[in-house]
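The following exercises are to be worked through with the sequence and the structure at hand. Each task is followed by a solution in steps.

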Amino acid sequence: MLANFDFDVIRRSLSYLFIDGMTFTLTLTALSATGGLIFGTLIALMRLSGYRVMGWIAGLYVDFMRSLPLVLVIFWFYFLVPYIGQWVTGSSRPIKVGAFASSLITFIMFEAAYFSEIMRAGIQSISRGQPAAASALGLTYAQTMRYVVLPQAFRNMLPVLLTQTIVLFQDTSLVYVLSIPDFLGAASKVAQRDGRLVEMYLFAALIYFTISCIASYCVRRLQSRIAIIR
Amino acid sequence: MNYTWNWHIFLEPNPTGAGTYLDMLLAGLKVTIVTSLSAWVIALIFGTIVGILRSLPSRLATWIGFLYVEFFRNMPLLVQLFLWFFVLPELLPRTAGLWLKQMPNAPFYTAAVGIGLFMSARVAVQLAAGIGSLPRGQKMAATALGLTTLQTYRYVLLPMAFRIILPPLTSEFLNTVKNSAVAITIGLIELTGAARAMQEFSFQVFEAFSAATLMYLVINVIVVIGMRLLERAVAIPGYITGK
Amino acid sequence: MIEISHVNKWYSPSFQVLKDCTTSVAKGEVVVVCGPSGSGKSTLIKCVNALEPFQDGSITIDGLKVNDSKTNLPKLRSRVGMVFQHFELFPHLKIIDNLCLAQQKVLGRGREEAIAKGRKLLERVGLKEQAEKFPAQLSGGQQQRVAIARALAMDPIAMLFDEPTSALDPEMISEVLDVMVDLAREGMTMMVVTHEMGFARKVAHRVIFMDRGEIVEDAKKDEFFGQPRSERAQQFLSKILSH
């Protein structure tokens with residue numbers, strides 16, 4: 001059975017798979033995680049702000065995003081972003097948005113909902129004495145958040161944030177539904193062009209598996225180190 | 001926005017000739033529900049077995065449980081579905097592979113099994129954590145009464161552990177529903193797939209996706225309410241979970 | 001009835017919890033085991049029904065060797081009642097079902113018989129009215145009395161108590177001790193790890209004093225309280241009896 005395998009197809013497509021595909025996947029993952037974290041933190045702050053309307057809007061956004069399948073959200077933004085672009089720029093026709101930009105916006109908006117829940121838990125885990133002590137020193141609300149609360153919340157939640165980023169790394173494969181050549185998309189293109197589905201999908205699985213395993217091993221190491229320091 | 005809304009589109013006949021576009025979406029909704037429930041049953045069965053393995057004192061059992069979870073957790077669900085759908089039939093002996101390929105409804109079975117196993121790893125992690133959160137003395141007390149390990153799990157540890165992890169299981173079930181949309185990639189016409197098909201035929205993108213979104217929201221609300229009722233039904237008088 | 005001979009137990013090569021422990025409990029005898037915390041007394045009593053494994057030596061109960069792979073451990077354990085520091089009632093089962101579970105699943109008694117037996121024992125520990133409640137609805141003292149009844153429901157040939165009153169509020173200690181005193185007076189074979197020297201004075205036949213994993217003193221009650229031979233036991237007694 002293995003004799004029928006054509007492992008050369010993998011060797012021939014390596015540069016396409018990694019230089020094009022994996023670069024797309026990793027860039028998308030890194031930028032989405034960063035953007036998702038920033039927006040997620042803002043959403044978490046809105047929820048905890050004490051202003052009822054703001055908290056309500058933020059909560060609604062998070063619950064809404066978290067009840068939809070990522071695939072559907074990807075489709076939504078793919079079709080919606082051109083119209084939003086048209087509205088923002090005041091152009092007369094829906095503007096053209098590239099595959100990368102469209103996916104990036106989708107993942108930032110989607111992941112923000114998940115990251116905000118993690119940051120909210122992180123902020124809530126910090127003892128009430130900390131903001132009180134900061135205010136007592138004369139720091140404003142913004143300063144308290146910026147210099148006292150958020151750094152601690154971020155550090156405490158770092159393992160969870162990284163685990164979520166690994167999930168995000170795997171989830172970026174879903175841009176496949178838009179026929180975008182991320183790592184899996186590239187593998188799939190080669191697979192279909194050369195009729196080598198078995199080899200290409202097994203190889204893609206192996207690469208995703210290896211990267212995720214190493215990453216989650218590092219997170220576990222980090223977690224146990226944090227646990228010791230505390 | 002120069003997009004022409006047409007909410008009447010749902011009542012217009014769909015191109016398959018069988019009913020309206022709304023019927024098409026409802027058929028997709030049904031596939032989503034059936035697929036999710038089937039996958040969930042598989043996830044619960046395998047998740048329970050692996051969760052128990054992970055909580056046993058035996059090194060070998062813990063190790064097997066660990067490998068199982070890592071295997072299913074470290075690959076994108078989409079890739080796993082491709083492995084089941086495109087790769088597995090080629091790796092099996094010829095006749096078995098052929099049988100798999102020609103199976104009617106192959107996308108449905110692949111989705112149920114693939115998503116089920118993917119979710120089972122997460123159920124296993126939750127269950128092992130739930131068992132681990134029980135006082136160590138519970139297992140000892142059951143053992144001291146002469147119950148076997150199997151009986152100890154069946155009558156003492158699992159009933160408590162499942163009660164404790166009911167809230168996280170609710171979100172895992174909702175994840176199962178959401179993950180069923182990934183099966184669009186192997187040709188399953190579930191809810192998202194039906195909305196996508198409607199968009200392609202009718203060009204009414206936003207109506208199609210709005211309707212699908214609404215249906216997902218309704219599923220969420222129903223599941224959350226249902227699980228809350230279940231939680232109340234199995235709550236133990238006087239016992240505060242998370243003590 | 002219970003023969004413990006030359007038992008050694010290590011948690012790790014450098015940490016020995018039990019050092020060459022040898023003692024015995026005759027039929028109908030009440031033996032109190034005391035000693036400072038960390039002396040290994042709880043570990044020793046858990047070794048008696050093999051809840052804790054030990055590496056060296058042997059323990060036999062009623063002629064059956066505990067550390068023998070041929071021994072049917074669940075069956076052996078079902079004949080030895082055990083009461084734990086933290087009660088370890090099963091929180092998801094009603095009081096009466098806590099008493100019935102092992103009767104039905106281990107001894108194979110019918111439901112009716114198990115309930116009848118359970119009710120009789122609940123009456124004996126003064127909790128007849130609580131049969132339909134759940135553990136979390138009872139006080140600590142009541143829960144511990146239920147735990148004793150649960151062990152008695154198996155018609156044990158001996159009872160092991162592992163610090164049965166140390167998790168209780170002071171006002172509840174006596175209600176549990178009263179039940180234990182009655183049991184002792186009826187001739188039950190008992191091995192009791194406790195700091196309650198009043199209980200020891202009242203009903204114990206022998207007192208074992210342990211320190212750092214060793215049995216330092218094993219004497220008749222009067223000898224022990226009259227003139228303990230070892231200095232460590234003297235110190236322990238003077239500390240525990242000083243207030």
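A residue is buried if 20 or more other C-beta atoms lie within 10 Å of its own, exposed if 12 or fewer, and partly exposed in between. The model is predicted.

**Exercise 1.** Determine whether C:Gly28 counts as buried, exposed or partly exposed, and state where C:Gly28 is placed in chain C.

*Solution.*
Step 1. C:Gly28 belongs to the loop that lies between strand 2 (15-25) and strand 3 (30-34) of chain C.
Step 2. Inside 10 Å, C:Gly28 has 14 C-beta neighbours, and therefore C:Gly28 counts as partly exposed.

**Exercise 2.** Identify the residues in contact with C:Gly28, leaving aside its neighbours within four places in sequence.

*Solution.*
Step 1. The contacts are C:Gly187 and C:Thr189.
Step 2. Between C:Gly28 and C:Thr189 there are 161 residues of sequence separation, yet their C-alpha atoms are 4.2 Å apart in space.

**Exercise 3.** Describe how domain 1 and domain 2 of chain B meet.

*Solution.*
Step 1. The domain assignment of chain B places domain 1 at 34-184 and domain 2 at 189-236.
Step 2. Taken over C-alpha atoms, the centres of these two domains of chain B are separated by 24 Å.
Step 3. In chain B, eleven residues of domain 1 are in contact with twelve residues of domain 2.
Step 4. On the side of domain 1 of chain B that touches domain 2 of chain B, helix 8 (residues 166-179) of chain B gives the largest share, five residues.
Step 5. By class, that side of domain 1 of chain B has seven nonpolar, three polar and one charged residues.

Terms used:
Residues numbered from 1 in each chain as written. Chains lettered and ligands numbered in written order. Predicted model: local features only at pLDDT ≥ 70, side-chain atom pairs only at ≥ 80, totals over all residues. Domains from an automatic or database assignment. Contact = placed C-beta atoms within 7 Å. Helix = DSSP H or I, 4+ residues; strand = E, 2+ residues; numbered from the N terminus. Nonpolar A, V, L, I, M, F, W, Y, C, P; charged D, E, K, R; others polar.
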